[in-house]
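Reader: Hi, I have a new structure to go through. Can we take it step by step?
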Amino acid sequence: MLFKLSVEMAMLMNIVVAMRIFYQQNLPSRAVTVYLYLRERSNKDGTCFPSIPTVSRDTGLSEATVKRAIQDLVAAGWLQKEPRLRRNGARSSNLYLLKH
């Protein structure tokens, strides 16, 4: 129980630190929302690949707002976005790498 509480406290502290940095950089709330969502979905390496419609549905933001938030995060250096392709060359969801 103590270990679980410590892990949860560490996660909370990371979120608090990230939030302070976001506010210092004047990032819009949409960027904060999307960053925290991607952080929750990412693996231990900080990567994830949810589609724009999935992020939109899960956060309650419109798809256009999610796209703007991702642009905000990339421009601020908080996120790296890489396109992914299927074997047949068709586009798939992007790969996101959290930088902080």
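This is a predicted model: local features need pLDDT of at least 70, side-chain atom pairs count only at pLDDT 80 or more; totals for chains, interfaces and linings use all residues.

Reader: Which helix α3 residues are buried?
Author: Helix α3 covers residues 52–59, and its buried residues are Ile52, Thr54, Val55 and Ser56.

Reader: What covers the buried residues of α3?
Author: The cover includes α2 (29–41), α4 (63–75) and β3 (95–98).

Reader: And what comes just after α3?
Author: Glycine 60 does, with a positive phi of about 85°.

Reader: Back to α2 and α4. At what angle do they pack?
Author: About 85°, and their axes are 8 Å apart. Angles from 65 to 115 degrees count as roughly perpendicular, so α2 is roughly perpendicular to α4.

Reader: Which residues make the contact?
Author: From α2, Arg30, Ala31, Val34 and Tyr35. From α4, Thr65, Val66, Arg68, Ala69, Ile70, Asp72 and Leu73.

Reader: How does the contact of α2 with α4 split by class?
Author: There are 7 nonpolar, 1 polar and 3 charged residues.

Reader: New topic. What share of the protein chain counts as buried?
Author: 30% of its 100 residues.

Reader: Last one: what about contacts between residues 24 or more positions apart?
Author: They account for 47% of the chain's contacts with a separation of 6 or more.

Methods. Residues are numbered from 1 along each chain as its sequence is written. Side-chain values use heavy atoms; hydrogens and water are left out. Buried means under 20% relative accessible area, exposed over 50%, partly exposed in between (1.4 Å probe, protein chains only). Helices (H or I, at least four residues) and strands (E, at least two) are DSSP runs, numbered from the N terminus. Contact means heavy atoms within 4.5 Å. Axes are lines fitted to C-alpha atoms, for helices over the stretch in contact, and angles run from 0 to 180 degrees between N-to-C directions. Angles under 35 degrees count as roughly parallel, over 145 as roughly antiparallel, 65 to 115 as roughly perpendicular and the rest as oblique. Ala, Val, Leu, Ile, Met, Phe, Trp, Tyr, Cys and Pro count as nonpolar, Asp, Glu, Lys and Arg as charged, and the others, Gly among them, as polar.
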